[in-house]
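Please study the sequence and the structure before reading each solution.

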Amino acid sequence: MTSTLLKSGAFLLLLILIYTGISTADRVTWLMEVTPVIIIAPVLLATYSRYPLTPLLYFLIFLHAIILMVGGLYTYAKVPIGFEVQEWLNLSRNPYDKLGHFFQGLVPALAAREILIRGGYVRGRKMVAFLVCCVALAISALYELIEWAAALALGQGADEFLGTQGDVWDTQSDMFCALLGALTTVLVLQYWHTKQLLKLRVA
């Protein structure tokens with residue numbers, strides 16, 4: 001991936017960030033949802049020249065950022081496309097937040113895999129896969145702790161951020177979706193990812 005393409009993607013994310021920030025009805029919830037984008041995007045731009053990532057990882061980070069910003073715009077429980085999926089599958093709740101948690105497992109798992117393999121920190125494909133899933137679940141658990149802290153600090157004001165929609169098993173299902181995302185990395189994406197890592201080494 002060229003630096004021009006990366007900068008173009010970052011600029012597009014900036015435009016979407018500005019649009020969602022202006023258009024949202026709940027700016028506090030929006031800010032809590034998009035904070036990872038605000039932090040990660042500048043870091044990726046700053047580190048591109050000395051530690052470029054694979055195109056696959058950049059692309060999935062881009063998609064994840066859009067998912068977060070759309071969730072921040074509407075709040076996860078009220079994303080319109082989620083209502084369409086809910087009606088189509090006859091679900092009891094808007095499932096858009098589960099997509100977010102799936103990517104919350106998928107992207108960190110792929111990032112962890114990239115760092116572990118490139119740094120030579122772990123040997124053996126099975127051990128890499130195990131640790132990648134552990135990292136994804138740890139990040140998911142940390143996020144659930146952040147949600148818990150927000151609930152304690154904001155009380156009813158945290159309802160839109162939490163997006164539980166009355167589901168008492170929301171935390172567990174969120175983490176399960178993150179695990180599915182991590183498993184997608186190690187079972188589906190690893191071969192494509194490995195080819196791109198080899199190209200990085202050659203370059």
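**Exercise 1: Helices α2 and α3**

The helices α2 and α3 cross in a left-handed manner, a term used when the near helix is turned anticlockwise from the far one by less than a right angle (right-handed if clockwise). The model is predicted: local features need pLDDT of at least 70, side-chain atom pairs count only at pLDDT 80 or more, and totals for chains, interfaces and linings use all residues. Residues are numbered from 1 along each chain as its sequence is written, and side-chain values use heavy atoms, without hydrogens and water.

Task: Determine how α2 and α3 are arranged and which residues of each make the contact.

Solution. 
1. Helices are DSSP runs of H or I with at least four residues, numbered from the N terminus. Here α2 covers residues 27-47 and α3 covers residues 55-74.
2. Their axes come within 8 Å and cross at roughly 155 degrees. Axes are lines fitted to C-alpha atoms over the stretch in contact, and angles run from 0 to 180 degrees between N-to-C directions.
3. Therefore α2 is roughly antiparallel to α3; the term applies to angles over 145 degrees, while those under 35 count as roughly parallel.
4. Contact means heavy atoms within 4.5 Å. On α2 the contact is made by Trp30, Glu33, Val34, Pro36, Val37 and Leu44, and on α3 by Tyr58, Ile61, Ala65, Leu68, Met69, Gly72 and Leu73.

**Exercise 2: Helices α1 and α3**

Task: State whether α1 and α3 are roughly parallel or roughly antiparallel.

Solution. 
1. The axes lie 9 Å apart, and the packing angle is about 10 degrees.
2. Therefore α1 is roughly parallel to α3.
3. Among the residues in contact are Leu6, Gly9 and Leu12 of α1 and Tyr58, Phe62 and Ala65 of α3.

**Exercise 3: Helices α3 and α5**

Task: Find the angle at which α3 and α5 pack and the handedness of the crossing.

Solution. 
1. The angle is about 150 degrees, and the axes are 10 Å apart.
2. The two helices, α3 and α5, are therefore roughly antiparallel to each other.
3. The crossing of α3 and α5 is left-handed.
4. Residues of α3 in this contact include Ile61 and His64, and those of α5 include Phe103 and Val107.

**Exercise 4: The largest pocket**

Task: Identify which residues lie nearest the centre of the largest pocket and which element gives the most to its lining.

Solution. 
1. The lining is formed by 47 residues, and Pro36, Ile40, Ile61, His64 and Val107 lie nearest the centre.
2. A pocket is an open set of points on a 1 Å grid over the protein atoms alone, where a 1.4 Å probe fits, with protein on both sides within 12 Å along at least five of seven lines; lining residues have an atom within 4 Å of a point.
3. The element that gives the most is α2, with eleven residues.

Key: Parallel < 35°, antiparallel > 145°, perpendicular 65-115°, else oblique.
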